[in-house]
Structure formats: C-alpha cells, structure tokens
Amino acid sequence: MKKTFWAFSALVISFAAIAATPCGAQGASDDSLVFIHANVIDGISSAPALDATVVVTKGHIESIGHGAAPSGHGAVIDLTGHWLLPGFVDAHVHVGDLADARRALRSGATTIGEAGVNHFADIGMRELNHKGVVDVPDVVAAGYHVRTHPADDYFIDFPEDSDLMGGVHGTEAVRRMVRRMASRGVDRIKVMATERAGTPETDPRIRVFNDEELAAVVDEANKTGLWVVAHAHGDEGAAAAVRAGVHAIEHGTFLSDTTLRMMKEKGTYLDPTITALVDMSDPEGEYDNPILQMRGKAMLPVGREMTARAWKMGVKIVAGTDTSYFDKNNRTMSDEIIELSDAGLEPMEAIKAGTSVSAEELGVAKRTGSIRVGYEADFVVIGENPLENIRHIGDVVMVVNNGRIALNRLNVTPRP
C-alpha cells in the first residue's frame, strides 16, 4: 500500500543460475513477482541496465540485479526485448472519480497530482488507494483551487463561506480558503495566478491575485506544512507567483526569460502541460469549442517554444497532462513525454521528467518515481526502446501498481 514505506537495504542481489519460467500474468503468489531479462530505465541513472532481474515482494522492490530468477518468489515474467520503466507520475490532472482513475492507471500513470477537483474526490481516492482496496493511482490531493470565484460546489462543502460567493478578495479571504483545504487533509494548495485558458470567456494572460494575496496563500500553506502550485499562463501573474514562493508554475505558456531565470534561481518547477494545448487545438476532446480551438492553435507553438527555452536555461521541468482521463480521453503521459522530447529534452531526460522529477515535485520521490530497492513496485513496460525513438513510449504493454498487475498485453493470444 502506498503509505507504507518498506525500509529494505539498498543491497543489489545477484542470483544463482536456475531455469526461469516465462509467465505473462500474476501467478499464485500475489505478494511476489520476478521480472527477468528486463531492460531497465530506472528514472535516475543516465544509462539503462540491460538484461536485469527485478524482484518484487509485498508491493515493493526487493532487489535489482542480474542473472536468473530466484526460486520461490511467485510469478516469473520474461521481459526479453522489452523495457521496464517507473510508472508515470502525472503531475497535473483533474481526475474526479474511480472510473477515470482506473483509466489513468491503465494508461501507465501510477501516481497523479490533482490540480483541482470537486467535493474532495481526490482525498477519497487517495485513502482508498492507501487502504489497498481499489487499484487506482496514488493521489497527491489539492481539493479546490484557491481562486477569486470558487466553484459552486465549494459552497456546498463549505456553506459557512457563503460570504465569499461574491468573490475572494484580500489576504484574509485567501488564507481562509487555504485553511479550509488544509482542514480536509490536502497534500498541496493550488492557486490561480492568471485566468484560465480552457474556458472561452476568460483570458489566460490576465493576472488574478495581487502580490499580497499570493504571498498570503503561500504563507498560510507553509504554516500547515503544505506547498503551493500556481496556475499561470501569463508572465505577469507567473512572475508574481514565483516571487511569492510557489513550488511550481503550472502551464507557463507566456513566460519571459526574466521569469524563467527567476524560477531557475529559486528552484521553481515548471509543468508546461503541452498536451492540453494540443487537445485544445483539436475538435472533440475536453475543449470542444471553436473559440478554444483558435486559442489553442495560437498558444501551442508559444508553449512549445517556452518549454524549449526553459530547458536550455536549466529550469526543472515535470510532466503533466492536465486531463481528467474521462471516457473519451485521447492523451496520456506518453504524449506529454514525447512533447517534452520534441521541445529539446533528450529522451532519457524526458522520461525522468515524467517519472522521478515529477515525483520529486509532488513530494513522493522517497517512495516512487524511480526503480530502486525498497521503493513501491510501480512500473510500466514498453514494447521497444524509447531511448532510440521516444515515440515507442506510447506502446505501454504492462502496468504494475503497488506490485499488482493492472494491465497486461505482453502475451496477446487470439480470441476464442
């Protein structure tokens, strides 16, 4: 289960040579899996470990080595010719129910960072995951956005805040919203520093809160041990959020070099969510509106160019889809990792952005996001080498979540 961190030794075990039995599904022992002949991209190293053996026990990685599978460790899965990666860590989603969470998992996202959802559905999913009773990604919860006009559902959860229905203005009002989120057990705070891009009546360049209000959000969050991520497309709002001390900028489409340099100096993460702009540009999807399609077409090349500049300047980049993984969802973390590679990140660095660096930004890097002894057994298996062609990362043939196989297309057999 996600909350429990198993303090295994970092000892790498080399196994005696014994015959290995290929298997394409989880066997009799639910507690153990053995992956043999795996080409491992661990999310932290600069080069892969070829023909490796990875042993999983009780949902955690027991050992990483070379050689044949040890006996008595449950199902043995032969990954000859395949690539074993950490499960994707989607740093920006809006997943609101278990069905959407299951779709996210089957796409390869074993951890998701919520960036705004109603009725604290993210906290409910997080707790169900931690109890081990549902097979969904681990969730880093944010609850509602802190914004000038909260979602109507906010007032259903907090009718005592009805005085804010006319608008959230001033430092005391934003502090109150932060305290409300903290009282429900969120992991982080999301604040709107600019208007949205995904609604036709808003302008993503327009700044929302003033300096004092943004500073108050960060200060109140820090008092409760939380950090703040800021939605910001426009440069003025993003720069103000960085000065206030936010942990990450979400989107950042119109960031200037000055703001990017400040982010580099302060260690502020950037989550460019390029695939959201791709989706906005196309008919159907989550942004099926002609105004948004025109906006998306204008913003997409700007966002891609900004990401390229940020990477060259050394800003820490993470990967997020900004999707709800709804039933017609057509973009996943694979797409965002490909976009980051196209923006200039080497394939290995793009993979790290979607695994270990995203885990670092979400505060879960001590237990997931990379393949290390003692870490949670969260994996994706890719059909071909994504380091030779990053587009291979879209061919996810297996997903393992907490040591449980959530998706298995390794050994496809004809239908009866």
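What follows is a walk through the salt bridges of this model and one of its strand pairs.

Keep in mind that this is a predicted model, so local features need pLDDT of at least 70, side-chain atom pairs count only at pLDDT 80 or more, and totals for chains, interfaces and linings use all residues. Residues are numbered from 1 along each chain as its sequence is written, and side-chain values use heavy atoms, with hydrogens and water left out.

Let's begin with the charges. A salt bridge here is a side-chain nitrogen of Lys or Arg within 4 Å of a carboxyl oxygen of Asp or Glu. Counted that way, the model has 25 salt bridges. One of them pairs R126 with E127, where the closest N and O atoms sit 2.7 Å apart. To say how covered these residues are, we use relative accessible area: buried is under 20%, exposed is over 50%, and partly exposed is in between (1.4 Å probe, protein chains only). R126 is buried at 9%, whereas E127 comes out partly exposed at 26%.

Next, look at R331 and D279, a salt bridge with its closest N and O atoms 3.0 Å apart. This pair ties together distant parts of the chain, 52 residues apart: R331 lies in the loop between α9 (290-313) and α10 (333-342), and D279 belongs to helix α8 (residues 274-281). Helices (H or I, at least four residues) and strands (E, at least two) are DSSP runs, numbered from the N terminus. Both R331 and D279 are buried.

Move on to D342 and R391, whose side chains meet in a salt bridge at 2.7 Å, N to O. Here too distant parts of the chain are linked, with D342 in helix α10 and R391 in the loop between β13 (379-382) and β14 (396-401), 49 residues apart. D342 is partly exposed at 47% relative accessibility, and R391 is partly exposed with a relative accessible area of 47%. Elsewhere, salt bridges with shared partners join R175, R179, D219, E220 and K223 into one network.

Now for the strands. Two strands pair if DSSP finds at least two bridges between them. Strand β2 (residues 49-57) and β3 run antiparallel, joined by 6 bridges. Within that pairing, V56 has I61 of β3 as its bridge partner. The hairpin of β2 and β3 has 2 residues between the strands, and K58 takes a positive phi near 50° there. And how covered is strand β3 (residues 60-66)? Because 5 of its 7 residues are buried, β3 is largely enclosed by the rest of the structure.
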